Amino acid sequence: EKMLSRFAAFRAPVAAALRPSAASLRPLAVRNFSDTFKDRESAIENQYFNKEDEKNLRKLLQKMKQQAEHSEPAERVGEEARERHELQEILGSSMTEEQFRALSNWKHRA
């Protein structure tokens with residue numbers, strides 16, 4: 001029995017040293033909750049700004065399309081000639097008017 005009490009006397013301080021207290025566990029739990037909350041908040045914020053960016057880009061695209069529709073005919077003719085020249089450099093001189101129109105329409109549609 002004397003041996004048992006010695007073992008118990010030795011075991012109690014070792015067990016207490018190895019077992020973390022509730023106070024030492026609390027900051028970790030709070031930290032994990034706090035990190036989770038911050039991650040969620042950041043994700044919601046990113047989602048909001050992505051939607052705002054998308055709306056603004058759509059408005060800008062619409063404005064650019066309207067400006068292109070209302071641009072001077074001479075500017076459009078110049079742009080068309082430039083596009084035709086660039087396509088001929090890529091495809092060669094065998095490009096037909098029908099092919100040019102099809103590629104041009106494809107490029108400029110929304």
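Arginine 84 counts as partly exposed, at 22% relative accessibility (buried means under 20% relative accessible area, exposed over 50%, and partly exposed in between, with a 1.4 Å probe and protein chains only). This is a predicted model, in which local features need pLDDT of at least 70 and side-chain atom pairs count only at pLDDT 80 or more, while totals for chains, interfaces and linings use all residues. Residues are numbered from 1 along each chain as its sequence is written, and side-chain values use heavy atoms, with hydrogens and water left out.

**Salt bridges around glutamate 80**

- Arginine 84 and glutamate 80 join their side chains in a salt bridge at 3.8 Å, N to O (a side-chain nitrogen of Lys or Arg within 4 Å of a carboxyl oxygen of Asp or Glu).
- Both residues sit in helix α3, 4 residues apart, or about one turn of the helix (helices are DSSP runs of H or I with at least four residues, strands are runs of E with at least two, and both are numbered from the N terminus).
- Glutamate 80 is partly exposed, with a relative accessible area of 29%.
- The side chain of glutamate 80 also meets that of arginine 101 in a salt bridge, at 3.1 Å, N to O.
- Glutamate 80 is in helix α3 and arginine 101 in helix α4, so this pair ties together parts that are 21 residues apart in sequence.
- Arginine 101 is partly exposed, its relative accessible area being 35%.
- A network of salt bridges links Glu80, Arg84, Glu97 and Arg101.

**Another salt bridge in helix α3**

- The structure holds 9 salt bridges, including one between arginine 82 and glutamate 79, whose closest N and O atoms are 2.4 Å apart.
- Arginine 82 and glutamate 79 are separated by about one helical turn, because they are 3 residues apart in helix α3.
- Arginine 82 is partly exposed at 38% relative accessibility, and glutamate 79 is partly exposed with a relative accessible area of 33%.

**A buried glutamate**

- Glutamate 83 belongs to helix α3, residues 73–91.
- Its relative accessibility is 6%, so glutamate 83 counts as buried.
- Neighbours within four places in sequence aside, glutamate 83 is in contact (heavy atoms within 4.5 Å) with Phe100, Ser104, Lys107 and His108.

**Nonpolar surface**

- Ile90, Leu91, Leu103 and Trp106 make a nonpolar surface patch of about 450 Å².
- Patches consist of residues with over 30% relative accessible area and no salt bridge, where like charges are joined within 9 Å and nonpolar side chains (Val, Leu, Ile, Met, Phe, Trp, Tyr) within 5 Å.
- Accessible areas come from the Shrake-Rupley method with a 1.4 Å probe, and for residues only the protein chains shown count as cover.
- Helices α3 and α4 (97–108) each supply at least two residues of the nonpolar patch.
- Leucine 103 lies in helix α4 and is partly exposed, with a relative accessible area of 33%.
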